[in-house]
Each structure stands twice: as structure tokens, then as C-alpha cells.
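I opened the model to look up its secondary structure, its sheets and a few single residues. My entries follow in the order I made them.

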Amino acid sequence: MALFDFIKKQFIDVIQWPNPDERLLMWRFPMQDEEIQNGASLTVREAQMAMFVDEGVTADVFGAGRYTLNTQTLPVLTNLKNWDKLFQSPFKSDVYFFNTKQQLARKWGTAQSVTVRDSEFGAVQLRSFGMYSYRVNDPAKFFKEVTGVAAAYSGEELEAQLRNIVVMQLATAFGTSGIPFLDMAANQVLLSQKMAELLAAEFAKLGLILENFTVESVSLPEAIQAALDKKISMGVIGDLGRYAQYQTAEAITKAAENEGGLAGIGAGIGVGAGVGQTMAGAMAGMLQPNQAQAAPANPVQTPADSAEDPQSKLAKLKTLLDEGLISQEDYNQAKAEVLKKLIGKDE
């Protein structure tokens, strides 16, 4: 048995990664106590790289191809082994294979809200997620910084660390861009480019190249989003006086949909207009409290007042029509009702 083991040592003449596991980024060729024969064949397939390691020190790196191992093809290892001439006897060295295929569609996201400083809103908390792709392009650095002398190393082991790097750089991207959150959230392509620039150097430190990076969503926590929605709504409303008029017109439109239609509330149109005036006056009082105290409030018209002043009703109806708050059909119908009551009273 000992003689068989000795003979077996002399005939490690083919080194390759024949059936690579797609999940692995690195795999060590199983040497056990065996040695590599002078003139052995090294086969490196497409999307692979191989590297010799002598007692933990990285040596020669090979891309795709087939090689005959000797002092000419192993210059770094030859120097480490102090081989002055062609070696005639087997030698011992670890051989690592690296998977250089793109690791596509890897997901990233913020498990917790990230606090960033925004030029418009101050400190905000945001969440974000997206996709990225990378590959191993520097085996020596990847071995030194990430894997070490492990027998195998998978992408799943690495990607938790990569996601942490992404989240750390996300805060930096917002802090240094100078672009408000609203603009950044609306332009995810710009944010993706900024993130890719920041992450490229971080990936390179690990012997990786970042092939692409995309931001698919940027969002705020629900409470902050609700407050932002209110602020946006107030900005849309603008003139509170016109908003009160709009609300009054909406009430008239809804009432017209009830039994009797708009004509059915003809006698009460003065009340509706009076409510509109009251709302507008209240809004104006909120905006200009000093003026509200100096000037007495306008009296609210009553149904009786409205009935005695049909011209006022018609004027208010015409104002609503001119401002586009009621349709021509509604105006004609209400006007006919007022004139009918006026004619009936005179009779």
C-alpha cells in the first residue's frame, strides 16, 4: 500500500476543475499528500482562472487555456522554490480555481431605514432596493482579502458582505450628490450611476469588478410619506380662497345629483353662496388675523334674505358660471327657477 501511494504521488499530471459548481467562486484542487509532476498539464476552462499558492503565498495565475507546468510557465513559483534550473522531481503546491462568470441579478436592499441628510427636508429615513452584477477579476486579491486558504468559497457567503457595502455607500450617495430627495427618487438612473461610481472602488478592493448596478425603488417610511403628501397637497391647493370656492361648487354639484336636482335647491342657493362666503372669510381670517379683528364679519345670508333678493342670486349664479364651477345647463336651470319664483311673487 505504501508503494502504491508513492507511485500515485509521481503521477499527478492533470490538473483541472472538470465539473464546476456554479454557486462556488473558488475551489481548491484536492492535492491531499500528493505532488505535481514536472511537465504536468493544467487545463483552465472559459470563465475560469487558476492560481498556484506556495505555503499561503500567491504565485502564478493562469487564464483560460492548457499549459505544461515547468519553470518557464511557473516563473513566480520557480522563484519561491529557488529552482535555478529545470526541476526533475515532483513538487508540492496548492492550486486554486476561480469562477470568473458574471454573478447576475444579485439582489440588494435596506433591511432597516437608512438616515440620510437631504438638502430640502433635512434628515430623512429611506428604504431602497435593486439589483447588481459582479465577477471575480483579480484572483490574488480575492484570495488575500476574502477567501484565504479555504477548500471552497460560495457566492452566498460573499453577498451578505457586499450588501452591507451597498447600504453604507447609499448614505454617501445622497449626502454628496447635492440633489434633493424628490428629484433623486424621480431619477433612479442618476442614482444608479452615482452608486456604481462609489461601489466600483469598494468592489475592486476585494478583487471584484462591478458589472452593473441598478436602483429599482427609493421610498420613505409611511409616517414621513404621509407628512410629505400633506405638504404636496397644500402646495397644490395654493390660494385658500379659491379652494373654498371650489369646495362650495363641489357641494352644489353633489346636491344637484339628489332628488329634485339643482332646481330643487334654487331657493337655498343663497345659503350655499353664504356658506362659501363664510368659508372664504374664515380662511382669510386665518391668514390675516389682524384684518379680521379690524373689520366686522360679513353677515351670512338667510333663506329669507335670499328670497327677497333674486338679483343677488342671479349674480352669484353668473359668478359660478364664469369661474367654471357650474355648467351652462346647471346655470340655465337654476336661473329659470329663480325667475319663476320672481314672476310668481309679482303675480
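**Overview.** I counted 13 helices and 12 strands in the chain; helices (H or I, at least four residues) and strands (E, at least two) are DSSP runs, numbered from the N terminus. This is a predicted model, in which local features need pLDDT of at least 70 and side-chain atom pairs count only at pLDDT 80 or more, while totals for chains, interfaces and linings use all residues. Residues are numbered from 1 along each chain as its sequence is written, and side-chain values use heavy atoms, with hydrogens and water left out.

I looked up burial next (buried means under 20% relative accessible area, exposed over 50%, partly exposed in between, with a 1.4 Å probe and protein chains only). Of the 347 residues in the chain, 35% are buried. For contacts I used heavy atoms within 4.5 Å. Taking contacts between residues at least 6 apart in sequence, I found that 69% join residues at least 24 apart.

**Five-stranded sheet.** I listed an open sheet of five strands, ordered β5-β4-β7-β2-β11, with antiparallel pairing; two strands pair if DSSP finds at least two bridges between them. At its edges are β5 (57-62) and β11 (152-154), each of which pairs on one side only. From one strand to the next the twist averages 20°. Axes here are lines fitted to C-alpha atoms, for helices over the stretch in contact, and angles run from 0 to 180 degrees between N-to-C directions.

Inside this sheet I checked β4 (residues 48-54) and β7 (residues 94-99), which run antiparallel and are joined by six bridges. M49 has F98 in β7 as its bridge partner. Helix α3 (residues 139-147) lies across β2 (24-28), β4, β5, β7 and β11, and runs at about 65° to β4.

**D94.** This residue lies in strand β7. Is D94 buried, exposed or partly exposed? D94 counts as partly exposed because its relative accessibility is 29%. Setting aside neighbours within four places in sequence, I found D94 in contact with M31, M51, F52 and V53. I also took the C-alpha separation of D94 and A59, which is 9.9 Å for residues 35 apart along the chain.

β1 and β3 (residues 36-44) run parallel and are joined by three bridges. In β3, L42 stands opposite I15.

**β9 and β10.** Strand β9 (residues 114-118) has V114, V116 and D118 on a covered face, and T115 and R117 on an uncovered one. Five bridges pair β9 with β10 (residues 122-136) in the antiparallel sense. Opposite R117 I found A123 in β10.

**F181.** I placed F181 in helix α5 (residues 181-186). F181 is buried because its relative accessible area is 4%. Not counting residues up to four places away in sequence, F181 touches D118, F174, V218 and L220. The C-alpha atoms of F181 and D118 are 6.2 Å apart, although 63 residues separate the two along the chain.

**Helix α6.** What span should the 17 residues of α6 (residues 188-204) have at 1.5 Å a residue? They should span 24 Å, which agrees with the 24 Å between the end C-alpha atoms; the expected span is 1.5 Å times one less than the number of residues. I noted a kink of about 30° centred on L198 in α6, where the bend at a residue is the angle between axes fitted to the seven residues ending there and the seven starting there. The buried residues I noted in α6 are L191, S192, M195, L199 and F203.

α12 (residues 310-322) has 13 residues and reaches 18 Å from its first C-alpha to its last, close to the 18 Å expected at 1.5 Å a residue. Buried in α12 are P310, S312, K313, K316, L317, L320 and L321. G324 follows α12 and has a positive phi, near 75°.

Over residues 313-339 I found 81% helix and 0% strand, with the end C-alpha atoms 10 Å apart.
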